[in-house]
Amino acid sequence: MPNIINEIKLDFKDVLLRPKRSTLRSRSDVNLHRHITFRNSKQDYNGIPVMASNMDTVGTFEMAKALSKHGLFTCIHKYYSAEDWKLFASDNPDVISNVAASSGIAQNDYSRLVEILAAVPAIKFVCLDVANGYTQFFVDYVRKVRAAFPTHTIIAGNVVTGEMVEELILSGADIVKVGIGPGSVCTTRMKTGVGYPQLSAVIECADAAHGLQGHIIADGGCTCPGDVAKAFGAGADFVMAGGMFAGHDQCGGEVIEKNGKKFKLFYGMSSCTAMKKYAGGVAEYRSSEGKTVEIPYKGDVEETTLDILGGLRSACTYTGAAKLKELPRRATFVRCTQQVNNIYS
């Protein structure tokens, strides 16, 4: 007999943050910076823990330069060479503290990662990224990278359950990426039926991680600044976004013009587009688990960045959190059937 969990699991759309009395006079009084010391690397982090995803259209050097000005973080995609990294690091030494070098789990991914970290010793964050973080091979890979780089801060994922968060942290990860299927261009839930509502995943995985002095990233599912605030309120230490940062000047790809309107291409890293670009096509033993969309061109990412930060400060003000770190303690979620009035949308 299959097991059924009857307890309702929630997504960002299912809740709102309840406002509370506050002593804050202004949004400008809110401190969004976090200081974090990581469990395994023992390294320190100081910054605003909002991240651009390591998708190849979003996790670019250009994005890192723009976001780092505001203290935000970028997980750089894995397709840059060591030479690209050396050039970027020499031109932008102040940005390196706010980026991670990404890696898959194939041997050529590992070789490239070793080469990059040797070429740019200032890189202190590594993002080990797979769609399915539940395999023993991935756990062993995390252990291998931890053994090779004992003082680097390791981001590993993706998973959605507390027991796997614990396993990855005990295997050497400092930050676990949480999210299977919530992304705007991810079709894993449609193709496989596998996933977990993102708000509940974040709440449960944060609890598991924090019990071991580990940390998590809420990866995917945020469609607006309010969702970012809810993810932090649910206990996420970092929030990663792809679609919210897509379509800007700093994103990879050319601007496309159609009928007088401008667009940029955005696609999942398990989409046909990505697999044709990097693997010659979709292997016959698997299906594409991502889609390709044309995002309306949004110009410079500066406006989007300020919008996210402004929304976060407002959320903290409404809930009485003087610091972003206090938001989970101040957060009470209210179940709802409708978040917004869409009559004029």
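Colleague: Is Glu 294 buried, partly exposed or exposed, going by its relative accessible area?
Modeller: This is a predicted model, so the area is computed from predicted coordinates. The relative accessible area of Glu 294 is 35%. Buried means under 20% and exposed over 50%. Glu 294 is therefore partly exposed.

Colleague: Which residue forms a salt bridge with Glu 294?
Modeller: The closest N and O atoms of the pair are 2.9 Å apart. A salt bridge needs a nitrogen within 4 Å of a carboxyl oxygen. The partner of Glu 294 is Lys 258.

Colleague: How many residues apart in sequence are the parts that Glu 294 and Lys 258 tie together?
Modeller: Glu 294 lies in strand β14, residues 292-296. Lys 258 lies in strand β12, residues 255-258. Lys 258 counts as partly exposed, at 39% relative accessibility. The pair ties together parts separated in sequence by 36 residues.

Colleague: Which residues are linked with Lys 9 in a network of salt bridges?
Modeller: Lys 9 meets the side chain of Glu 7 at 3.6 Å, N to O. Lys 9 also forms a salt bridge with Glu 204, with the closest N and O atoms 2.8 Å apart. The residues linked with Lys 9 are Glu 7 and Glu 204.

Colleague: Is Glu 7 buried or exposed?
Modeller: The cut-off for exposed is over 50%. Glu 7 has a relative accessible area of 55%. So Glu 7 is exposed.

Colleague: Where does Glu 204 lie?
Modeller: Glu 204 counts as partly exposed, at 28% relative accessibility. Its partner Lys 9 lies in the segment before β1 (15-17). The pair ties together parts that are 195 residues apart in sequence. Glu 204 lies in helix α7, residues 198-210.

Colleague: Why is helix α8 largely enclosed by the rest of the structure?
Modeller: Helix α8 covers residues 225-233. Its buried residues include Val 228, Ala 229 and Phe 232. Asp 227 and Lys 230 are buried there too.

Colleague: Which residue just after α8 takes a positive phi?
Modeller: The phi is about 115°. The residue is Gly 235.

Colleague: What is the radius of gyration of the protein?
Modeller: The secondary structure comes to eleven helices and 15 strands. For 345 residues the globule rule gives 20 Å. The protein comes close to that, so it is as compact as a globular protein of that length. Its radius of gyration is 19 Å.

Definitions and conventions. Residues numbered from 1 in each chain as written. Predicted model: local features only at pLDDT ≥ 70, side-chain atom pairs only at ≥ 80, totals over all residues. Heavy atoms only, no water. Helix = DSSP H or I, 4+ residues; strand = E, 2+ residues; numbered from the N terminus. Rg over C-alpha atoms; globule rule 2.2 N^0.38 Å. Buried < 20%, exposed > 50% of the residue type's maximum accessible area, 1.4 Å probe, protein only.
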